[in-house]
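Please consult the sequence and the coordinates side by side while reading the explanation below.

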Amino acid sequence: MLKDILENKNVEDYLVAIIDRVHKEGPVVSEDFEVLAYIKSFYPEIFDEHEQKLLSVMGLFYKKDEFKTVLEEVYSIFEDIIEEKTGRKFTPVQAHAYINIQNKKYFSFSAPTSAGKSYLFRELIQDVDYDIVIVVPSRALITEYINTLHKLLEDDTSVLILPFIENINISKTTRRIFVITPERGVDLFKKINEFNIKLFLLDEAQISEDEIRGMKFDSFVRRIDRFLPDAKKVFAHPFVSNPNAQLLKHGFNQNSAFKTYNQHSVGKIYLSINTSQNFQYFSPFLSNRDKILQDASSDIIKILLQNNGTLLIYTSKKKIYDTQYLLDFAEYIELCEDLTDETALSLIEKLRKFIGASEASEEKHSWFIDMMKKGIAIHHGSMPLTARLIMEDFVRLGYAKICFSTATLLQGINMPFDVVWIDNFLNMTPLNLKNLIGRAGRTTSDKKEFEYGIVVINKRNISTFSERIAENYEIKNTSLLNEDISNLDDDLKDIAEAIQTDTFDDELKLTDSQVERLKSNDIMDDIVYILDNLLDSNNKPITGHEYNSLSDHFKGKIKTAFKNIFIQHLRRDTLTTGESGVLSIAIIIMLWHIQGKSFSEIISLRHSYLTHKDERNAIMARVSSGELNLVEAKEQIEAIKVSFTPIPEPIPNSKLNHAPRFARGTSVTNIDYDLLVYDTYDYLDKVISLSLADPICGALQLYYDKTSDNRALIMKNYVRFGTNSEKEIWLLRYGFSFEDIEWLVEIVNFISENEIVFNDNIEELDTEKLNLISRFI
Amino acid sequence: MIIINYKHENMEDYDKTTDCEVYSIHVKVDDISTKAKQMIIMIQDTSWITELDIIERASFDARAQPTIDKLVHEILSKVTTTLSDDFGEFLISVTAQDSLELQYNHTKVPLAELFKEKKSGNPGFDFHTETSTQLLAYGEAKYSGSINPYTKALKQIKGFLDESKDKMELTDLKYFTSEESISSALEDKKAFVAAFSINSENPSDIIENALSSEHIEDLLDYEELYIIGIEVDA
């Protein structure tokens, strides 16, 4: 069929036949949506004649405004009935899911990326009078949901929207929406009776297939069903062929339903590029011999960019880290002109300040800030969450012409592009691949037309690509909770066992066996040493300056004390060299965190340390005193090497190797500032927050329980929150970020679980700050 | 629907010599509203949305009434719109099928492609029946609110024959008709139907004009030919 189309044979007949098929079977045949994209692209006049009819039979009613044929009239009857029945302008797929969610207690479904699931969920959330819990796999998704909900419920500040479970702002709240990860779910059960939860939305529920997180997820699902048997549970997945598995594995067979939706809403054109940079059209649906269709213009992507098209390049973190991406895609980057839009520039400036980069090409120079100025966004998991959010706003507002991204974007962030270019095929699962392809082609209600996207892959990947696109992704019918864990890695056994046997301490966020080990007297001296030396006589943490002036012996002892506590909670009594290295650096960063340093301050401190700022200053001082000339100073400074710092990874992980973040021998003048930003965030996130905070806080709490030494609780607050001020901790529990605490403290008179009382100073706040607090005024 | 007149024609009356059996029917449609409903229900029945089971038949029927009224109004007011063209052609097709069934014992083949665009796409014949003599009959329906489009219908049939559309359709038709009619069709033994609307004070003149038309001649090489003139009335 495609060959004929490209040769202009029977184009209209094919188009009419596809519309007929869509009418009867629904928009479910992938090949058809490839052909439709070609017809629209190559024969726009023929396509135009039938376009409205196509939109009707696809059920994309939001794109229609008039009905010319009898067929369209009939579909408009469907549209009316759906609107009458659901009160909304839903597509048939959305309506089907909506009705099932209304009528059933358990509903599990899967739908492709562009099926409009977010719109469905928004509508579900909007006008109920009870509390809702939304579970998603990543913090990026939490933030995406929270932002959307804030916009959606802008006018109704009585709805409390929180990224964790807390019962706060009680006196001003009528209902609550919690958006959490499965890990944060454990906090729910302590307070479950304080809420009126009637709906659980478990989005991206294929997380149930992950080793440990999957167990946490399944365990959460079973517990909510035990505690709140009457609440609705809705499981949503992308491209899963057996959503019923979620119901089977928990025995949710009464009053339940499931459905796999395969409906397409956009067309796709597939392009390959070879090593000589030549593009060819290909079809993943044809047999190997016929896959390649014909050559495409070498300017196809350039022309698209020049016509305001947008390009997503899926690449590796490695290519972003070593800036190879700049060279590989230089000709496209060159096409992007400097942005002049004020909002865009203010977003860039906000991000620059957050990471503490310099304004021009000085020593703290950031590549990604440079790139943003040209409308090029970079998105990956080691980018600090705040930075990622600014970046996502930047993309969403349409400033990004090109976005380089890694797998993080696939975790469901709703950002479609005209072209998706897959430059990295490593570890590409069929699910990831489908998700990625799903980003190509935007569906907007403001465009009353059929839309299509372009997917570009390397020519050598054509056959793998075609195989994986055709593969079904199935989830297991049984829960990992019921499986034998003896094959699991030793480091995972504790947690796996605790989840299986329900011996997880929700309060301490540790397993019962870990709690037992931390009760040991062996670490009492270590805790006392930390309390005696890190808190001053007023029970405040010692300043960075005071810490630095301690001798290496004392600093070493403090670090060893933390290390001992960490080891104590493990099943083993030693750490590998790799783990030790990561732990040492993490402890230093944690100490800065305890001292209340902001993210940019921590980066600045690390930068000084890694690039031997004292040594460099000393050399420059010798220039001032006339001992050295500038050329000699330059030579001496260039000869200084960046200190060793290991790549941060969650611990324990006995397989961790001792790889340096900055290649050995890197001169301090060549340190990559962006890399330092990503690296520092990974330490704060993956190591301190995910690996260290729980055992250390647990040990401090247990020590307090035993000794009533109040300093342990104070130190626990510093580790957990970076502060011991009650007001500041409340502000953090209200969901404000550490970066904003400083100005918030000035405007808050009183804060408790019931409400925040602001003082008159809020009248002088700028709009951005005012927006941040508006839901609590 | 009322059959006003029907006749097994003697083509010598029109100065044509042929072995082809030629029949004419003059029909008046008076149940437009029923036909409009039939068309709408047919689309509804075949749609994937009905399959999803979220639309109850009763609420569909209730909601469909304004659309039915709109179709009837457009046909009766003789305006030319996409909607009246669409429905008009359906009206001609089903009326032709019904008349053939009633008068000459044909078996109807379900109308599947009724909503396909005919103006430019020309995908194929509008309707089919199987004659009592086990022949496949290929029908072309032409509607107009102002003229008597028999020439268009006859020329279209000829055009399709030249493009061998009849042969291409056999694959789909075999599911709905007897083996006998299919094998006859393979031997090029078949029937044709030209159905068209009549907008004239003297309908029988129009049918006679169609029978005398030069465009009929190529069709006389086949086994049977049906000329159906249809008056649309309130």
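The paragraphs that follow treat chain A and then a sheet in chain B.

This is a predicted model, in which local features need pLDDT of at least 70, side-chain atom pairs count only at pLDDT 80 or more, and totals for chains, interfaces and linings use all residues. Residues are numbered from 1 along each chain as its sequence is written, chains are lettered from A and ligands numbered from 1 in the order in which they are written, and side-chain values use heavy atoms, without hydrogens and water.

Chain A is assigned domain 1 (1–89), domain 2 (92–260), domain 3 (497–721) and domain 4 (726–776); such bounds come from an automatic or database domain assignment. The centres of domain 1 and domain 3 of chain A, taken over C-alpha atoms, are 59 Å apart.

Helix H26 of chain A covers residues 577–594. Helices (H or I, at least four residues) and strands (E, at least two) are DSSP runs numbered from the N terminus. Of the 18 residues of H26(A), 15 are buried, so the helix is largely enclosed by the rest of the structure; buried means under 20% relative accessible area, with a 1.4 Å probe and protein chains only. Just after H26(A), A:Gly596 adopts a positive phi of about 80°.

In chain B, 7 strands form an open sheet of mixed pairing, ordered S1-S2-S7-S6-S5-S4-S3. Two strands pair if DSSP finds at least two bridges between them. S1 (2–9) and S3 (107–108) of chain B are at the edges with a single partner strand each, so one side of each lacks a neighbour in the sheet. Further in, S4 (residues 127–130) and S5 (residues 136–142) of chain B pair in the antiparallel sense over 4 bridges, and B:Phe127 stands opposite B:Gly139 in S5(B).

Notes
The expected span of a helix is 1.5 Å times one less than its number of residues. Buried means under 20% relative accessible area, exposed over 50%, partly exposed in between (1.4 Å probe, protein chains only).
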